[in-house]
Amino acid sequence: MTPFQHAPDPPWIFRTYAGHSTPAESNKLYRTNLAKGQTGLSVAFDLPTQTGYDSDHVLARGEVGKVGVPVGHLGDMRALFEGIPLEQMNTSMTINAPAAWLLALYVGLAEEQGADPKKLTGTTQNDILKEYLSRGTYIFPPAPSLKLTADTIAWSLDAIPKWNPMNVCSYHLQEAGATPEQELAFALAASIAVLDEVRARGEVAPERFAIVFSRISFFVNAGLRFVTELCKMRAFVALWDEIGRERYGVDDEKARRFRYGVQVNSLGLTEQQAENNVYRILLETLAVTLSKNARARAVQLPAWNEALGLPRPWDQQWSLRMQQVLAYETDLLEYEDIFDGSKVIEAKVAELIEGARAELKTIEQIGGAAAALDHMKAALVESNRRRIEQIEAGRQKVIGVNAYAEGEPSPLEAGEKNIQTVDLAVEAEQIARLKAWRHARDGAAVEAALAALRGSAQEDQNIMPASIAAAKSGVTTGEWAATLREVYGEYRGPTGVALVIETGVEDAEAVKRDVAALSERLGRQLTFLIGKPGLDGHSNGAEQIAARARAVGMDAIYEGIRLTPAEIVAAAKQKRAHAIGLSILSGSHLDLVQEVVRLMRAEGLENVPLVVGGIIPPADALALRQMGVAGVYTPKDFKITGIMADVARLVAEKA
């Protein structure tokens, strides 16, 4: 072998982000995927679980089992991992606000299986700050949320030393529109905030802090600008090493290694000509695997049809096979870093580092990531606005969308079962199992466990021991979160939508004139209420709709995420809205829209046009129209000003 070539390195961990319907159904999916060669699990939890609600809570309606698996108690966790020895499995759990609780359930189950907790390997995402900025599954205010994250880190150090208790997640920052420099800076600022919190709490001796630093991992995004994304990963490596040395005094080079997993970009997946997404996913995967010195430790790939709906097992298999072909059929893993010494790569990495340092300096001047949430959120909304306008204007080409849009119909999308669907009976069945669990458990033990949990929170103790005791006693996810809500309170994150946002889109002026004329005819400014019912926290689309509505002269009312249908209808009545728009990306559109329509009729708002946007299959779009929805918009409707023109037209017709 030559000096630059060697025996193949072990491949990264192959994962598929999966979970839906019920713990038992998800368990079947996990075991099937493991049999196909997947080497780690990546658990997707449903929105009620992610936001600390039981399946029978009013806000959980329509959301149970849709975007992930419901886990309400130790019995659900038992069913989820039936036949899977946790001591031998590397498990990633995409869970943030209730990460301490799901980790407690996982450890409780491992002990029940007879596993040695010190051998458990895996990750809890546990990056709460990015939830305020992008994904929206936060519960508590920033300060107690950082405290809970610090608790899991300090507790894990001895109890489960091979576990990564926090996975700093820049993935959703890019999905929310972050530039590479923002993704670097905002993720690193979040890690600094948590590490500073751990250090300040004093649970970890200073001489052991390097171990804490070494157990922080990252979960990043890789978009289609191949060279930039590759350089971004090399910039992450350099900046993390620098932070370890200079800010935290970590002398051990191994402890300063940047360890990351990746899911490549879902933001760029298209509903139009969805088969092209296969090429996009592969190119994005190369960006995080080609560079040995900045190679991902774990990779999970979206399926080609995720812009259409929930992927089928075959679709997930196709993504897994892509990883396996890359790892086992190519010579990728045999070479030293093929980009070392490249002047182009080095220059681009230096440019990204400089930009990220400037962003980090701004955040530091504000007071750190927790204090800079408003600033970062507004920056993401603005970056996303510029990205969308580039696509609308055709300056950023997206094949099949704004360039080469004509094509043959895809046989991959043919037939009724081209996406996975969740049985409508799942929610009722899950609620029945939850009620049976509550009935069968020892009520006195549950009350005692919750009292101990409340005491730990009030006394500022580490929450993990009381959480594990609560898990073993039969406490539910909703009860755990409700107890901490009593102590810590709740929080509504910033929307990032300014009072007036300009737009450079060419056709905006014509719509602006139409809106002005219509407002004069109505006798007041056209009022458009944008609502996000249910638990879906992916607010990027709603934010851009609100921003564009304001830019064309509408009075756009947008109050953020997690509203009940009743709250939305009440706000529409109070504000005398001329039109209502709902944004729902979690698959719960049929249930939630039906309830909104019912309440609108009850409140005499049946003449107010209702439009809905989200990932909505054609059959569901037809059902929504039959309910009385005036307009249905999916990712293919990328020209936002056109949607504004539709809203104005619908209001004019009613007027």
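How many bridges join S14 to S15, and in which sense do these strands run? In this predicted model, three bridges join the two strands, which run parallel.

The chain reaches S14 from S13 by way of H22, in a β-α-β crossover that is right-handed. Within S14, Leu610 and Val612 point one way, whereas Val611 and Gly613 point the other way; all of these residues are buried.

Attention now turns to H23 itself, which spans residues 618–627. Its buried residues are Asp620, Ala621, Leu624 and Met627. These lie on the same side of H23 because they cover an arc of only 115° around the axis. The spacing follows a general rule: an α-helix has 3.6 residues a turn, so residues three or four places apart point the same way. The other side of H23 carries the exposed residues Pro618, Ala619, Leu622 and Gln626.

The cover over the buried residues of H23 includes helix H22 (589–602), together with strands S14 (610–613) and S15 (631–633). Just after H23, glycine 628 adopts a positive phi of about 115°.

How values were computed:
Residues numbered from 1 in each chain as written. Predicted model: local features only at pLDDT ≥ 70, side-chain atom pairs only at ≥ 80, totals over all residues. Heavy atoms only, no water. Buried < 20%, exposed > 50% of the residue type's maximum accessible area, 1.4 Å probe, protein only. Helix = DSSP H or I, 4+ residues; strand = E, 2+ residues; numbered from the N terminus. Arc of directions from axis to C-beta. Contact = heavy atoms within 4.5 Å. Right-handed = clockwise from strand over helix to strand, strands pointing away. Pairing = 2+ DSSP bridges.
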